[in-house]
Amino acid sequence: MTDFDIVIATYNSEATLGRCLDSVRAIAGAAACRVVLIDGASGDGTLEVAAGYRDIVDVVVSEPDSGVYDAWNKGLEHCAAKWVMFLGSDDYLRPGVFPDYLDFIDGQTELDFISCRVSYVDAAGREIRTVGRPWQWPAFKKYMCALHPGSFTALDYIRRVGRFDESLKICGDYELLLRAGPDLRTAHWPGAPICMQVGGLSDGLRVLGETYTVKVRSGHRGRVLSTLDYGVGLAKYLTRTYVMGSR
C-alpha cells in the first residue's frame, strides 16, 4: 500500500474545503495516508470545517504565512512518508479513479516525481478540459507540462534539493522540479484522478511572468527563448479566454 502524506494549504477556504476533505475521506480506506492542513489564519469558517474531519486530518496548523509555498514548507515539517501530495483546498480526488492511481504508484521505485492528468472544473463541478502530459525534458524546460496537482513528490527528493522558494507565489512547484534539470526521475499515469477548480493562482496571466523568471534564473532556458515561450503562452491564454467567453 502506498505510504504518503497529503499537505493541504488553506486560507478562507470555507466554501471548498469540505468537498476536498470529503474526497480524501472517501479513499482513506484504500490508502495509508496522513493529512496535514496548514491554514494561513483564515477569518472565515475554514477551521470549523476542518474540525469536522478529525477522523482523517492528523495535523492542523493555523497562523499567518507569506503564501502557499510558505504553507507547504510548514507542512513538510510534519511529513515522514515516502511520498508527499500537495493539494489546494479547491482540489478534490475522484474516489472511483484514485485507487487505480495508487496501484500504479505501488509499482514504482527510485523516482523523484509521479504525475497524472488533471480535470479542470468550474465551481459547479462541470468538467471544462483535462490536461497533463508525461514529463519530458525538452517540453518541461519550456513550461510545466507535467502538472503538480495530484502528483506525488518523493520526500527524499525534496530533502536533496531543498524546500520550496517562498519568494515565488505561483511557480514554486515548477522551480522545485527544475532544480534537477534533465536528471529528474519521473513516471506518469494517464488517468485523471483529481479535479482542480479553475480560477486559482495558476490560472491566469501572472503565471506566465513568473514562469519566465523561473526559467531564466534556472539557467536551463535562455532569455530569448523564454521570451518566445512567453509570447506563445500569452497567445494560447488569450485564445482560450476568447473561446470560453464566447460560449
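A residue is taken as buried under 20% relative accessible area, as exposed over 50%, and as partly exposed in between. In this predicted model, L225 has a relative accessibility of 42% and therefore counts as partly exposed. L225 is placed in helix α9, which comprises residues 223-245, and together with V224 and L228 it forms a nonpolar patch on the surface, the accessible area of these residues together being about 300 Å².

Although S218 and R179 are 39 residues apart along the chain, a distance of 7.3 Å separates their C-alpha atoms.

The strands of an open sheet, 7 in number, follow the order β3-β2-β1-β4-β9-β6-β10, with mixed pairing. Because β3 (57-62) and β10 (186-188) each have a single partner strand, they stand at the edges, and one side of each is left without a neighbour in the sheet. On average, and with direction ignored, neighbouring strands of this sheet are turned by 20 degrees against each other. At the β10 edge, the pairing with strand β6 (residues 113-115) is parallel and extends over 3 bridges, and I114 stands opposite A187 of β10.

Key:
Residues are numbered from 1 along each chain as its sequence is written. This is a predicted model: local features need pLDDT of at least 70, side-chain atom pairs count only at pLDDT 80 or more; totals for chains, interfaces and linings use all residues. Side-chain values use heavy atoms; hydrogens and water are left out. Patches are made of residues with over 30% relative accessible area and no salt bridge: like charges are joined within 9 Å, nonpolar side chains (Val, Leu, Ile, Met, Phe, Trp, Tyr) within 5 Å. Accessible areas come from the Shrake-Rupley method with a 1.4 Å probe; for residues, only the protein chains shown count as cover. A salt bridge is a side-chain nitrogen of Lys or Arg within 4 Å of a carboxyl oxygen of Asp or Glu. Helices (H or I, at least four residues) and strands (E, at least two) are DSSP runs, numbered from the N terminus. Buried means under 20% relative accessible area, exposed over 50%, partly exposed in between (1.4 Å probe, protein chains only). Two strands pair if DSSP finds at least two bridges between them. Axes are lines fitted to C-alpha atoms, for helices over the stretch in contact, and angles run from 0 to 180 degrees between N-to-C directions.
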